[in-house]
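Q: Could you take me through one part of this model closely, in a single connected account?
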2 protein chains.
Amino acid sequence: MNSNHLKIGIAGLGTVGVGTFKLLQANSDILNQRCGRRLEVTSVSALRREKNRGIDLDGVTWFKDGVDLATKADVDIVVEVIGGADGSARKTVESALRLGRHVVTANKALLANSGVELAVMAEESGVSLSYEAAVAGGVPIIKALRESLAGNSIKRITGILNGTCNYILSTMRTTGQDFEDVLERAQALGYAEADPSFDVGGVDTAHKLAILASVAFGTAIDINAVHVEGISNISTLDIKYADEFGYRIKLLGLAERLSGESGEGIVQRVYPCLIRPEHPLATVENVFNAVVAEGDFVGKSIYEGRGAGAGPTASAIVSDIVDIALGRHAPVFGVPVRNLEVPGEVPVDQHFGEYYVRLLVVDRPGVFADIASAFRDESVSMESVLQRGRNENANVNVVIITHETHESNVVRALNRLQANESLVEPPHMMRIEKTECS
Amino acid sequence: MNSNHLKIGIAGLGTVGVGTFKLLQANSDILNQRCGRRLEVTSVSALRREKNRGIDLDGVTWFKDGVDLATKADVDIVVEVIGGADGSARKTVESALRLGRHVVTANKALLANSGVELAVMAEESGVSLSYEAAVAGGVPIIKALRESLAGNSIKRITGILNGTCNYILSTMRTTGQDFEDVLERAQALGYAEADPSFDVGGVDTAHKLAILASVAFGTAIDINAVHVEGISNISTLDIKYADEFGYRIKLLGLAERLSGESGEGIVQRVYPCLIRPEHPLATVENVFNAVVAEGDFVGKSIYEGRGAGAGPTASAIVSDIVDIALGRHAPVFGVPVRNLEVPGEVPVDQHFGEYYVRLLVVDRPGVFADIASAFRDESVSMESVLQRGRNENANVNVVIITHETHESNVVRALNRLQANESLVEPPHMMRIEKTECS
């Protein structure tokens, strides 16, 4: 066994930091065998030293601040689990990289916003910047894309990347409860934050998608290129109607390399959409995360597991630590930073596919003809229409599934209808996602 | 870019060898970027040089024999895709390892039978022996277990590891056709070999399971410790009855570390069994493969993809090549050979669980009482019983789902019934697999 201990500093002792500490202790025998050297947490940082976290910090150097740990502690690796795109987390990571210390982080916001700059620092210092835990927790999708699928040209990535949203949508479907009620329940269960806007607004998914797209396509991370829609407007009605048409509603992150007629560049989109039951993500329920990667040789490759929580996230962090312990190095985003491509963006109105539209209208003579005309005039052809429980002058939902068309056509058809006085509320529109790569 | 080309020799130009050659050509730009050096196939071996394989071998040195390639060719890596547990494949791999050449192989039979010896040779020479392609084709389960889940103590591995069997069972269910008819169809489609016995007999799954168990548990491969049953006795009746009780029938490979009451050691079993629709493997259909790994920190981690075919297998082979090109090394079975544990075996009759039993009996007075008594006398309690279409003195199927019990009890109950003259054929028995780890 290598007599050279690997000294680890954990910056941040929240759930994930404590989970990582516990894993390194609980499985130290296995890890020592697998690494051929001892892994040792020598330093931690956290605001309050005395807080009871259920771990024994005897013999571990304590720092109040992550930056102090990164600069002053005797460590080979800094594990950054402070969180947040800026402030202490960012300063900690930058300090560690500049001093030539490996960094393992679970911080998707930081990477999505500053990934390229940080990768440059890591390259200049010749150290690893590892982040398996930043995307989909225990699902080892970063290593899969960067190493296991390295032989492939990746065509498309589709993922359920936020457990909070997936739990809410799953529970709305199974219980018939409203978004707000289920959100409250998710908060009570610890599946959603007190301020859930990052999750339900799709921002968290966008951070993760931007990272995945960079690794999959060898492109420079650009969080601003991600089109983002959240799930707070999804009603149980939409879930029920989708179900009647044979679909599930999921919040997906989608990244695809396009060329030719449909546009040139990398699509990066986060939105709730309808998928068929045979779609590999249709059966991913509750807090589970999953990613489908489609490569030119491997075909569909699917990864599923727990996307958050102390255990799965610690598992991902420790896999990065083991790689560093064994000297297994990979370029941060799969290729050296200078080779990262800056791809074109593909605006969402160039999207081509089927659509789900729900219109709440006053049921009076001619309203359906108005709807049909608006769609016809914008060359949107309807595959199915559902309208139930007619009651003259009462409100009624008209649900339409379109044939494949350009999004710009659908938007124009809906704009025409906005002016129609029979419309009780703005139209609800969702994309229907193809199961097979185009 | 490293000016040092990586020279590759491909031993065997069947479907997989040719697929690997094509991938390395088609994606050479991406691969050169990812590896920082050029990957070049400099040599191949195959019996006949002139055969048209749709690839251009100009400038590539040709050997008739794999061993010649391994010993005489100017290569850094030997890709062994000859196949077979012995003979040319084994000699090729041994020669390459002894000469200090990295080996990448897709050969599960070879590894299952001689993995430990070969790993010793690789260690002695300080080279890699890589085999991502040997298990579940394009599903990167070896890297996942060895690296991504390295922080975990693995509790259980469950896999659909043979596409032929999964295709047959899926198709029997969806078409209602018999085993023999579907097997013929699978052969016509190229999903099954002319001699399908390795696949349908469960041996191929056993090879793969033995490899997975070694990597997951850090144990020395022992193919003889694997209990193997195939699928050729599964009838459409069983599939229909399983369906009525809410189950799917799948051929699974299962490996589990047991301690305590249920035995001490590593369970390694291959058999067709019943799983609930919510089991993560229930929706894995046709030629797809999938593996569920359960770790103490990560929880359930699921991997799915194409288990065979030129593209997925080549993708796996090239991922191993990329690791070697980048100097990313891992112990062959996750830990050095000297640390591989030799675990106890757990005989299958110690299995504890629910059972499916189908008895074809002559419908006459008292027969059901005989069955009930046999089960009662061996302390097997019945959860559900199904018997349809009673016709005195005609043959009728009695289907029983038991409560959890020891297999030895079930076996004794069925032995009691064997002697019963109402029994038209030997009893059909299958295990019902739990969705959650015990």
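The part to look at is the contact of domain 2 with domain 3 in chain A.

A: This is a predicted model, in which local features need pLDDT of at least 70 and side-chain atom pairs count only at pLDDT 80 or more, while totals for chains, interfaces and linings use all residues. Residues are numbered from 1 along each chain as its sequence is written, with chains lettered from A and ligands numbered from 1 in the order in which they are written.

The domain assignment of chain A (bounds from an automatic or database assignment) places domain 1 at 6-134, domain 2 at 141-306 and domain 3 at 349-432. Taken over C-alpha atoms, the centres of domain 2 and domain 3 of chain A are separated by 26 Å. Domain 2 of chain A brings 13 residues to their contact, and domain 3 of chain A likewise brings 13 residues, where contact has C-beta atoms, placed from the backbone, within 7 Å.

On the side of domain 2 of chain A that touches domain 3, the elements giving two or more residues are α11 (236-244) and β10 (265-275) of chain A; helices (H or I, at least four residues) and strands (E, at least two) are DSSP runs, numbered from the N terminus. Of these elements, α11(A) supplies the largest share of that side, five residues.

Terms used: Two residues are in contact if their C-beta atoms, placed from the backbone, lie within 7 Å.
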